[in-house]
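This report is meant to be read with the sequence and the 3D view side by side. Please keep both open while reading.

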Amino acid sequence: MIHDVIVIGGSYAGMAASLQLLRARRSVLVIDAGQRRNRFASHAHGFLGQDGVDPAVIASTARRQLEAYPTLTWLESEATGITGEQDAFVVTSAEGQSHRGRRVLFATGVTDQLPNITGLAERWGQSVFHCPYCHGYELDQGRIGVIATGPMSVHQAELLAEWGKATLLTNGALMLEPEGRDGLERKGITVEGTSIHAIAGDADVQLTDGRVLSFAGLFVATTITPSSSLPSDLGCEIIENPMGRIITVDASKQTTVPGVFACGDVAVVPGAVSFAVSDGALAGMQLHRSLVWPETMA
């Protein structure tokens, strides 16, 4: 069997794209390993109609809705290889099975690389976050710690001051000139220059000088990388941006490889569930049009 589209990654963006294709009665194979980026979070926020809902519930509900369409095939597995060209792609799954497709959509998401601080990764998505629009309100205007990872952390601290009393913890990742420090302090942002030893409790920062700073929540700007090497293996261009690495796509969501598309966090920044769904829906419609009018997508 040759599928019209093989979707690699069945989270929010991949499912949103699949829905458009299934409603066009196209055959879609979704290969998904169940590693949603927000699997560590217990609530999703900022998504109209789903505010405060468990992300796992949103995902499982969406999958049930997709399964009502007879042209869907869902494979719980990992895509481990890909070869071919437009109209003749072959995707290999972890079980060694080969699947043929006319188009491929990468909706694999990204991996967040966190600073190497003891206790930080264990609290990711629970009391350590990256998006204030997703998690800032729930901190109830309490004390917020911003762990620096580079110069952009200054802007992150300035933004988070909208949600509470912010402290920028430079942690050796950021050197501030006196005027920069004064500018932050004029905005009510505390600058803490002592390095971090570990994170304890919910959001307690243990400093190397023995002090402990307690916060309602912590924010950190992660470095993102595509969760799969398959796009680069196939020759898709990967670009650098201030947040990390993502796949290059054009306005139609097509990558630099004809017949290969990408959407969601792996192809657009910033990342949020609502953005992923929107981007996926667009990709699904563009994929369908590439099947109807392939000459216009060259």
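The text below goes through helix packing, sheets, hairpins and salt bridges in turn.

The model is predicted, so local features need pLDDT of at least 70 and side-chain atom pairs count only at pLDDT 80 or more, whereas totals for chains, interfaces and linings use all residues. Residues are numbered from 1 along each chain as its sequence is written, and side-chain values use heavy atoms, with hydrogens and water left out.

## Helix packing

Helices (H or I, at least four residues) and strands (E, at least two) are DSSP runs, numbered from the N terminus. Axes are lines fitted to C-alpha atoms, for helices over the stretch in contact, and angles run from 0 to 180 degrees between N-to-C directions.

Helix α1 (residues 12-23) packs against helix α2 (residues 55-66) at an angle of about 20 degrees, and their axes are 10 Å apart. The helices α1 and α2 are therefore roughly parallel to each other; that label is for angles under 35 degrees, while over 145 counts as roughly antiparallel, 65 to 115 as roughly perpendicular and the rest as oblique. The crossing of α1 and α2 is left-handed, a term used if the near helix is turned anticlockwise from the far one by less than a right angle, with right-handed used if clockwise. On the α1 side, Tyr12, Met15, Ser18, Leu19 and Leu22 meet Pro55, Ile58, Ala59, Ala62, Arg63 and Leu66 in α2. Contact means heavy atoms within 4.5 Å. By class, this contact of α1 with α2 has nine nonpolar, one polar and one charged residues. Ala, Val, Leu, Ile, Met, Phe, Trp, Tyr, Cys and Pro count as nonpolar, Asp, Glu, Lys and Arg as charged, and the others, Gly among them, as polar.

Helix α1 also meets helix α7 (residues 273-292): the two axes come within 7 Å and cross at roughly 35 degrees. The crossing of α1 and α7 is right-handed. Among the residues that make the contact are Tyr12, Ala13 and Ala16 of α1, and Val273, Ala276 and Gly280 of α7. By class, the contact of α1 with α7 has eleven nonpolar, four polar and no charged residues.

## Sheets

Two strands pair if DSSP finds at least two bridges between them.

Another open sheet has three strands in the order β12-β13-β14, with antiparallel pairing. Here the edge strands are β12 (196-200) and β14 (212-214), each pairing on one side only. The twist averages 20 degrees from one strand to the next. Asp204 stands opposite Ser214 in β14.

| Strand pair | Sense | Bridges |
|---|---|---|
| β9 (residues 143-147) and β10 (residues 165-169) | parallel | five bridges |
| β13 (residues 204-207) and β14 | antiparallel | three bridges |
| β17 (residues 238-241) and β18 (residues 244-247) | antiparallel | four bridges |
| β4 (residues 79-85) and β5 (residues 88-93) | antiparallel | six bridges |

## Hairpins

β17 and β18 form a hairpin with two residues between them, and Ile239 stands opposite Ile246 in β18. β4 and β5 also form a hairpin with two residues between them, and Asp87 in the turn has a positive phi of about 75 degrees. The bridge partner of Gly84 is Phe89 in β5.

## Salt bridges

A salt bridge is a side-chain nitrogen of Lys or Arg within 4 Å of a carboxyl oxygen of Asp or Glu. By this rule, there are eleven salt bridges. In one of them, the side chains of Arg26 and Asp4 meet at 3.6 Å, N to O. This pair links distant parts of the chain, 22 residues apart: Arg26 lies in the loop between α1 and β2 (28-32), and Asp4 lies in strand β1 (residues 2-8).
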